[in-house]
Amino acid sequence: MLVEAGHFALALALGLSLIQFLVPLWGARANDPVLMAVAPTSALAVFACIAFSFLALTFAYLNSDFSVLNVVQNSHSAKPLIYKISGVWGNHEGSMLLWVLILALFGAVVAVSRNSIPMRLQANTLGVQAAVTIAFLLFILTTSNPFTRVVPAALEGQDLNPLLQDPGLAIHPPLLYIGYVGFSISFAFACAALIDGRIDAVWARIVRPWTLGAWAFLTLGIAMGSYWAYYELGWGGWWFWDPVENASLMPWLAGTALVHSTVVMEKRDALKVWTILLAILTFSLSLLGTFLVRSGVLTSVHSFAVDPERGTFILGILILFVGGSLALFAWRAPMLKQGGLFAPVSREGALVVNNLFLATACATVFIGTLYPLALEVLTAEKISVGAPFFNFTFLPLIVPLLLLLPLGQTLAWKRGNFLGTAQRLYAVFGISLLATVVMFAFTYGGPVLAPLGIGLGLYLVLGSLNEIVTRAWSKGTPLAAAWRKARGLPRSAWGTAIAHAGVGLTVIGIAATAWGIEAIGSLKVGERLKGGDYEVRLERVIPRVEANYREEAAVLTVFGSGRELGTIETMKRLYVTRGMPTTEAGILTIGLGQVYASIGDAQPDGSIGVRLYHKPLVLLIWIGSLVMAIGGGISLTDRRLRIGAPVPAKAIPPHAVPAE
Amino acid sequence: MTRKQRRLTLIGVAGCVLAVALGLVLYAMNDTIVFFNSPADIQAKGVQPGTRIRLGGLVKEGSVQRGADQQITFEVMDAEAAVKVNYKGLLPDLFREGQGIVAEGILESPGVFRADSVLAKHDENYMPREVADTLKKQGHWQGEANAAPKTQ
């Protein structure tokens, strides 16, 4: 019964979204406050319906209701509780439901922050957002219904894909979707501005927190996915330039550009048309990612069961929204009042350079990801565009951007002085260069790129630190006063510095992978395998039987320069229901580096294959991403965003409610 | 600076960055792209030894030999030809004789291939798409229900 109620609530949400789409847009056009006021109410109702529907599906999973097809295909009564919950979105239908749930949640949050958003803008924004909701609800209801029943009910489920039976599934998709879907709000605000034909610094101030929040979540989602792939797939890579990874990287790059361009718009009332275009493109790239993952045009770890009908439907949605919004842009953008131009050497000039490099880098990823698809359609020739392509095109565009980053961060608004700025960074540059030379001398004969990359990362971290220090302290200031001044700096200044330092940490982590060591061998019990300074000894192999899998666990003792450092276990599992084997890596963290081992098949002579890696500083890749997201979060708490946009005095209620 | 000069500066910088990016992409397209070939394609297209390719097909039954230190050889075949593959490393979890795989590496001579990575499917009822297409083309497709995730 509850399952049918969930299905019905979803249909109800579709009807309510239609109201949320039509009435407010009409109201904004007719300038009728009563009609515009329908927007927040209906947005909340849509969210309530979808949330109920999602809970109904979750309940079916928790109860292992095997009369529901989706539960039969993706669950099993013996599955641990956490995977019963996360399994709800571990499949195509359920993850689409999570997608619209988050979409509706964002709509609801826009609806309750009514005091900080002008009424017209809110009505138009929620109307545009409802159009996205309608499209995806139609998609779910017509092609991907998670509530379909099976008669007769199955006795047991087919279990979840074992690769997904991991805590990563509980965290990675929700974070990623909050990021992807969060950009729908920037998109809706952009379309609303175009419909209204008016855009100003207030608009930028309202949109910025949404973009920044979505960006921070997307950063976390991508980093989490990368770490998950690293430990779950058992071969030690953290980024594969897989088309699906690129599908998440493209909106991240465009979103990063957007976060920066809205600053210019807010501070200097410039770059308006470009910012609007960027908001549209960012969400279009999110939709493109959804299409690539779910249409079956790609083969990847992430692809779901292929159904041509679904692919066509999502392609339709993609064309409708990308085409529609770009047409709207082409029609209305020339009417927007252009902001002023500004000096090339200035903070805003530097942010334009940032946008230029990020957008171009995003374009190379786009070409590398879609070219093989286009070529196959046109010539039937199958090619693969892999890491060498992206290393050759993406890195040369990102490295100059990173080199310029501390300079841009230090430049003043309006009229910057390039030499003066460079002077403030002499020390930072000198220390980083010295560190690079020292590392190079110590690792002479090793990979050249590692010291260079680490020097670059160090330069970014120190450059950010320098920014805070020079703003708070000058020669002769007592430390206590400098500390007070530093604490008094705007939160956005701290957020910027922290996020940029995070970029530096990630760069160091990536560069250090060049020093990684890999060794492969066949080991019998008691034998050792050496990889660089580290060594493992196979102690024993233990067979185990768990609720939904059997495994052989190899226990390895790790030695470093002759000392015993600890033991790790790496497993070969067989998930019984699906008959599917998986490998679980054994990882020992030493400082910021990791010793990583995984096992292969047993050999005829009784030995087993072992792959051993030492990855120095590898954790910095993800710690850096976490720091970036934290920086974004701190910027979000900045006073000027917290108090929201200025509104006419009469609209301020007795207790002003914060925007977030 | 006048308005016009400022605008020209911006356009100039943007043009330079875009031109560099375009140059890099075009160069990389020539140099770093790897073509997919089935064993039959290697003969038909005359792929030169020393070329980096992706080789896809079925692992021939009974051809897998494991040597010392994870040195593995096996044959990848399609309906018309077979190629011997040398690989050092751990095979993916779902590597099986008689099933589809994709290997990337260097063609050493027309019948011998040295792989540096081997990809198999990612769950039990899936065939790498390229391999499935080749078999369909050659008329040996037996149909696999529910194609789903791949590799690696």
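A: Among contacts in chain B between residues at least 6 apart in sequence, 53% join residues at least 24 apart; two residues are in contact if their C-beta atoms, placed from the backbone, lie within 7 Å. This is a predicted model, in which local features need pLDDT of at least 70 and side-chain atom pairs count only at pLDDT 80 or more, while totals for chains, interfaces and linings use all residues. Residues are numbered from 1 along each chain as its sequence is written, and chains are lettered from A and ligands numbered from 1 in the order in which they are written.

Chain B contains 3 helices and 7 strands, where helices (H or I, at least four residues) and strands (E, at least two) are DSSP runs numbered from the N terminus. Along the sequence of chain B their pattern is α-β-α-β-β-β-β-β-β-α. Of the 152 residues in chain B, 36% are buried. A residue is buried if 20 or more other C-beta atoms lie within 10 Å of its own, exposed if 12 or fewer, and partly exposed in between, with C-beta atoms placed from the backbone.

Helix α1 of chain B (residues 3–31) is hardly covered, with 2 buried residues among its 29.

In chain A, an open sheet of 4 strands has the order β2-β10-β9-β8, with antiparallel pairing; two strands pair if DSSP finds at least two bridges between them. Its edge strands, β2 (517–523) and β8 (586–590) of chain A, each pair on one side only. Strands β2 and β10 (residues 608–615) of chain A run antiparallel and are joined by 7 bridges. The bridge partner of A:L523 is A:I608, in β10 of chain A. In general, strands of a sheet pair through backbone hydrogen bonds, either parallel or antiparallel.

Chain A is divided into domain 1 (1–161) and domain 2 (517–615), with bounds from an automatic or database domain assignment. The C-alpha centres of these domains of chain A lie 43 Å apart. Contacts link 5 residues of domain 1 of chain A with 5 residues of domain 2 of chain A.

Finally, A:H92 lies in helix α6 (residues 92–112) of chain A. A:H92 is buried because 24 other C-beta atoms lie within 10 Å.
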